[in-house]
Amino acid sequence: MASLTLIGFFNPQNNGDGEIVGLMNATYPLTLSIANSFTYFYGYYLTYDPINNILTIYDGFTPTVVYTQNTTNGNWQCTTDSFGRPAVLATYFTTRVSIYIRPVVSTDTIRYNWETSSITSGSYILTCASTDGGTGGGTVTLGSNDSVYIYTGLTSGKTYESGIITSNAGNVGNSTFFRTVTTGNSPGVPQSISFVSTPTTLTISWGAPSGTQTPPIGWYVVTNSNTGAQYNTRFYNTSLTIPYDGTPYTYTVESVSDTGYSGPPQVTSLAGSLVFDGGASTYLKLTPGVAFNSGPYTIECWFYNSADWSANRGLLGGGPDGVTSCMSLFFTDNVTVTTDRYGGGGQRSYTVGSISANAWHHFVLVRDGSAIETVFIDGVKATGAAGGTSVFGGQQVNNLNYSGDTQNVGIYYGGRWTGYITNMRLVVGTAVYDPTASSITVPNTGPLTVVNSPNTKYLMLGASITTDTSGTQVILNNSNNVTQSSSLKPF
């Protein structure tokens with residue numbers, strides 16, 4: 001990935017005299033290895049976005065000025081400086097490979113990553129040595145295609161300076177870059193990563209690392225692991241909205257401090273959702289279907305009601321292909337979830353918080369080995385239960401045996417689904433969640449997976465209408481009325 005070599009500055013703002021103090025005192029030429037990453041020097045942060053060809057200078061925490069390159073004369077410029085004058089960076093930039101070390105630090109280990117594009121021959125020489133009496137490290141020579149090396153056996157709490165040199169690297173020539181880090185002092189990993197998508201944008205949100213961070217977090221780096229695209233945001237921002245084409249991608253979010261990178265947790269967006277128009281012939285048929293029987297089970301999905309709650313909305317049935325004693329599952333209204341043993345008698349209902357229409361929600365119905373059952377909406381437990389025994393708050397004992405095969409998705413005998421369903425998982429014999437818990441963590445960092453195979457009887461991830469990722473069901477799209485959306489999905 002290309003970065004910039006800065007030869008000199010001409011009239012960057014600001015400080016009242018058209019210059020950035022400190023940058024003008026730097027020794028040139030100075031390679032800014034800032035390919036989609038923050039580079040810190042002389043009290044300033046800089047970023048370079050090679051995709052959109054934008055250079056941003058940060059004075060402290062504020063973007064002081066954003067430069068773009070004039071395609072006519074090649075000058076890097078912003079619209080105006082603080083005095084209303086055109087602010088221009090002279091054409092003192094050249095494109096070259098970025099030699100930027102990304103350290104991930106642990107108690108006695110430092111892992112270094114660097115960029116290798118445009119290096120077509122030669123080698124990397126990586127050095128690591130303690131400046132305050134730590135042991136370990138050394139010098140290693142690596143090939144032109146290498147981009148990672150791990151030093152182990154280092155001393156905890158000691159400072160290590162590392163450098164990388166490209167030697168005889170064709171059109172690149174010799175280049176060096178150095179980083180100083182302290183073992184045992186890596187920044188914490190971002191928490192609770194989640195997605196919200198629209199047809200054209202994707203918002204990735206996360207929580208700050210837990211505990212006090214020393215040194216403090218400076219910024220976050222979000223990386224598309226499929227395309228390599230990276231996005232940066234300062235430490236006080238914990239969400240990022242980017243353009244999105246609906247393709248399922250894996251993203252990583254890393255926190256960054258002066259000691260290096262945290263190492264990333266990963267999140268993967270869904271491929272899409274299935275669309276149900278509420279018609280009497282719009283549903284899926286599962287063969288052989290799912291008999292939930294008398295033991296533990298888990299039913300979960302993401303749903304989006306694009307109509308209203310004035311009619312019963314069926315998720316599972318007990319519909320056109322009803323089998324005696326199978327389970328039907330439906331919403332009576334926006335605060336009531338009901339199950340029914342089709343043709344065999346016995347309803348169980350749960351009162352939940354008001355569910356909004358035209359929005360994504362996560363749903364769980366779970367029963368454990370003691371027959372305790374409850375419902376969670378968006379991770380929040382039901383507040384009331386009825387129809388079973390030992391009712392306690394939003395849970396109850398449900399001893400019904402659903403021995404018949406539930407075969408329909410998106411419909412039951414008394415109502416149909418209008419809207420979207422995705423990430424649906426039907427599990428028999430396993431309580432994936434604890435029905436006695438007051439809340440659960442909503443799984444919004446990637447598609448659901450098979451649980452305790454062969455207990456997962458159906459797994460629909462929204463990518464294909466007639467695909468069961470568990471490999472259990474043959475799917476019939478009745479009248480081909482169910483369609484697929486690659487753009488509308490919860491994450």
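The legends below describe close-up views of a predicted model.

Residues are numbered from 1 along each chain as its sequence is written. In this predicted model, local features need pLDDT of at least 70 and side-chain atom pairs count only at pLDDT 80 or more, while totals for chains, interfaces and linings use all residues, and side-chain values use heavy atoms, with hydrogens and water left out.

View 1. Helices (H or I, at least four residues) and strands (E, at least two) are DSSP runs, numbered from the N terminus. Of the 491 residues, 53% are buried; buried means under 20% relative accessible area, exposed over 50%, and partly exposed in between (1.4 Å probe, protein chains only). The protein exposes about 19300 Å², and carbon and sulfur atoms supply 49% of that area. Accessible areas come from the Shrake-Rupley method with a 1.4 Å probe; for residues, only the protein chains shown count as cover. Among contacts with a separation of 6 or more, 63% are between residues 24 or more positions apart; contact means heavy atoms within 4.5 Å.

**View 2. An open sheet is built from 8 strands with antiparallel pairing.** The strand order is β35-β31-β30-β29-β28-β38-β26-β43. Strands β35 (384-386) and β43 (474-477) stand at the edges with a single partner strand each, so one side of each has no neighbour in the sheet. From one strand to the next, the twist averages 20°. The axes are lines fitted to C-alpha atoms, for helices over the stretch in contact, and angles run from 0 to 180 degrees between N-to-C directions. Two strands pair if DSSP finds at least two bridges between them.

**View 3. Strand β29 is joined to β28 and to β30.** Strands β28 (residues 313-317) and β29 (residues 327-333) run antiparallel and are joined by 3 bridges. Across this pair, Gly 314 stands opposite Phe 330, and Leu 316 stands opposite Leu 329. On the β30 side, 6 bridges join the antiparallel strands β29 and β30, which form a hairpin with 2 residues between them. Strand β29 is largely enclosed by the rest of the structure, because 5 of its 7 residues are buried.

**View 4. Thr 339 lies in strand β30 (residues 336-341).** Thr 339 is buried, at a relative accessible area of 1%. The bridge partner of Leu 329 in β30 is Thr 339. Leaving aside neighbours within four places in sequence, the contacts of Thr 339 include Met 327, Ser 328, Leu 329, Arg 348, Leu 365 and Tyr 402. Gly 344, in the loop between β30 and β31 (347-351), is partly exposed at 32%. The C-alpha atoms of Gly 344 and Ser 403 are separated by 9.8 Å, although these residues are 59 apart along the chain.

**View 5. The largest nonpolar core has 39 residues.** A nonpolar core is a set of buried Ala, Val, Leu, Ile, Met, Phe, Trp, Tyr and Cys residues joined through side-chain atoms within 4.5 Å. Phe 331 and Phe 363 have the most contacts inside this core. Not counting residues up to four places away in sequence, Phe 363 touches residues including Cys 301, Phe 303, Leu 315, Leu 329, Phe 331 and Val 375. Apart from this core lies another of 23 residues, among them Ile 193, Leu 240, Tyr 244 and Leu 488.

View 6. The whole structure has 0 disulfides, a disulfide being a pair of cysteine sulfur atoms within 2.5 Å.

**View 7. Backbone geometry at two prolines and two other residues.** Most residues other than glycine have a negative phi, and most peptide bonds are trans. The peptide bond from Thr 287 to Pro 288 is cis, with omega near 15°, and Pro 288 lies in strand β26 (residues 284-290). The bond from Ser 453 to Pro 454 is also cis, with omega near 10°; Pro 454 is in the loop between β41 (418-428) and β42 (456-460). Asn 452, in the loop between β41 and β42, has a positive phi of about 45° and is partly exposed at 47%. Asp 378 has a positive phi of about 55° and is found in the loop between β33 (372-377) and β34 (380-381).
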